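Q: I have this one open and have not looked at it before. Can you walk me through it?

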Amino acid sequence: MASNKTNPGNYFEDFKLGQILTHATPRTITEGDVSLYTALYGSRFALQSADSFAIDCGLQAAPVDDLLVFHIVFGKTVPDVSLNAVANLGYADVRFLAPVYPGDSVQTVSEVIGLKENSNGKTGVVYVRSTGTNQVGEVVLDYVRWVMVRKNNVEAPAPDPVVPDLPDVVDPSQLLLPAELDMRDFNPVLSGSAHFYEDYEIGEKIDHVDGMTIEEAEHMMATRLYQNTAKVHFNQHVQQHDRFGQRLIYGGHIISLARALTFNGLGNAVLISAINGGSHTAPTFAGDTIYAWSEILDKADIPGHMDAGALRVRTRAVKDLACAEFPDVDADGKRNAAIVLDLDYWVILPKATLAV
């Protein structure tokens, strides 16, 4: 008799509007996780790199990188939301609400807030709002993502389509920084960048210059670090029969690579406060080399923090193409085919005039 104890994951027809999914396996984030994350991406932002620097900025210790928190909170959702996904499509209204430190434990709950079957009748798009909390119930991360999921039974009736109304931009008045954060003693020599909030202009474009080639072992190790079990990232035996013939790289891996690359030009952007929207515009595979460039879209003061400001940044990650000419939309009006990620987000920088 065959056992039915294994988890096949949810297919599109299994999701219901308003459904609450409490995800398994809380995760304590350790200093080992932080070190491995650094080894994978080489991020050099000073606030996350040294307790001494973070303490000088009013924090109790170096916080866990914002994106490592995002990936671990995200990874909890995969067995219930995207185990049978074709692709993760995008993000919106992502807000980092409290710092996470090594030793903190996180867990995730999601609500299904939208459903729309695709015209082919074989897949559909599922929208979820996921909330990550720490060991004392404090919300550390809240975000929306949408994912294309296969149907198991193509004859299953389509649900009434519901597409949530999501903000294009997180209002800067909603950006939350740690109350204890104090950047009056921010040291630009130790941070590795002389450029403060005031030095950036709306419309400015920054070529981050450096490139990083993705290795097969690295992207699989990263995805395992987040306990992300999506089949498309691991199983070459199955993926060889897919349209690409190989494993897809987790989109979050590209986000972290791009963020690390932005250090060269945005080295004092020590915190991500929110992600307004993001889309994975093309697949990436082992052997691709990722470059990045950014555009400053907006600037904003932060209530209660006169020593810091927020930059709205749009970063494009590009594969196998350097960004000196800022690839974006080609002459035919179509997005340059080398762009694999388009990410719009708010970062926090110290001000040079540290008024209090």
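Q: What volume does the largest cavity have?
A: About 200 Å³. Keep in mind that this is a predicted model.

Q: How many cavities of 30 Å³ or more are there in the whole structure?
A: The search finds one.

Q: Which residues are closest to the centre of the largest cavity?
A: Asp66, Phe96, Ala98, Pro99 and Leu271, out of 17 residues that line the largest cavity. Two elements give two or more residues to that lining, α4 and β9 (271-280). The largest share comes from β9, with three residues.

Q: And how does that lining divide into nonpolar, polar and charged?
A: The lining of the largest cavity has 15 nonpolar residues, one polar and one charged.

Q: Which elements give two or more residues to it?
A: α4, β3 (85-96), β6 (139-150) and α8 (251-261). Strand β3 gives the largest share of the lining, six residues. By class, the lining of this largest pocket has 19 nonpolar, nine polar and five charged residues.

Q: What about the second largest pocket, what lines that?
A: The second largest pocket has a volume of about 170 Å³. Its lining includes Glu31, Gln48, Asp51, Pro63 and Tyr101. Helices α1 (31-41) and α2 (46-49) each supply at least two residues of that lining. The classes are eight nonpolar, two polar and two charged.

Q: Back to α8. Why is α8 said to be largely enclosed by the rest of the structure?
A: Because eleven of the eleven residues of α8 are buried. The buried residues include His253, Ile254, Ser256 and Arg259.

Q: What is Ile254 in contact with?
A: Leaving aside neighbours within four places in sequence, Ile254 is in contact with Ile214, Ile249, Thr284, Ile290, Ala317, Val340 and Leu341.

Q: How many residues are in the largest nonpolar core?
A: The largest nonpolar core has 59 residues, and Ile254 is among those with the most contacts inside it, along with Leu68, Phe70, Tyr226 and Leu311. Helix α4 (residues 66-81) gives the most to this core, eight residues. Apart from this core lies another, of 25 residues, with Ala46, Leu59, Tyr101 and Val270 among them.

Q: Let me pick a residue in β6. Is Met148 buried or partly exposed?
A: Met148 lies in strand β6. Met148 counts as partly exposed because its relative accessibility is 22%, and the cut-off for buried is under 20%.

Q: What does Met148 touch?
A: Not counting residues up to four places away in sequence, Met148 touches Ala85, Val86, Ala87, Leu89, Asn118, Thr123, Gly124 and Val125.

Q: How far apart are Met148 and His23?
A: They are 125 residues apart in sequence and 19 Å apart in space, C-alpha to C-alpha.

Q: Switching to charges. How many salt bridges does the count come to?
A: The count comes to 15 salt bridges. In one of them the side chains of Arg129 and Asp142 meet, 2.4 Å from N to O. That pair links distant parts of the chain, with Arg129 in strand β5 (residues 123-133) and Asp142 in strand β6, 13 residues apart.

Q: Are those two partners buried or partly exposed?
A: Arg129 counts as partly exposed, at 23% relative accessibility. Asp142 is buried, with a relative accessible area of 7%.

Q: What about Arg316, which residue does it meet in a salt bridge?
A: Asp328, at 2.8 Å from N to O. Arg316 sits in strand β11 and Asp328 in the loop between β11 and β12 (339-350), twelve residues apart. Arg316 counts as buried at 1% relative accessibility, while Asp328 is partly exposed at 22%.

Note on methods:
Residues numbered from 1 in each chain as written. Predicted model: local features only at pLDDT ≥ 70, side-chain atom pairs only at ≥ 80, totals over all residues. Heavy atoms only, no water. Core = buried A, V, L, I, M, F, W, Y, C linked by side-chain atoms within 4.5 Å. Buried < 20%, exposed > 50% of the residue type's maximum accessible area, 1.4 Å probe, protein only. Helix = DSSP H or I, 4+ residues; strand = E, 2+ residues; numbered from the N terminus. Contact = heavy atoms within 4.5 Å. Nonpolar A, V, L, I, M, F, W, Y, C, P; charged D, E, K, R; others polar. 1 Å grid on protein atoms, 1.4 Å probe; cavity = no way out; pocket = protein on both sides within 12 Å on 5 of 7 lines; lining within 4 Å. Points joined across faces, edges and corners; volume = space filled by probe spheres on them. Salt bridge = Lys/Arg side-chain N within 4 Å of Asp/Glu carboxyl O.
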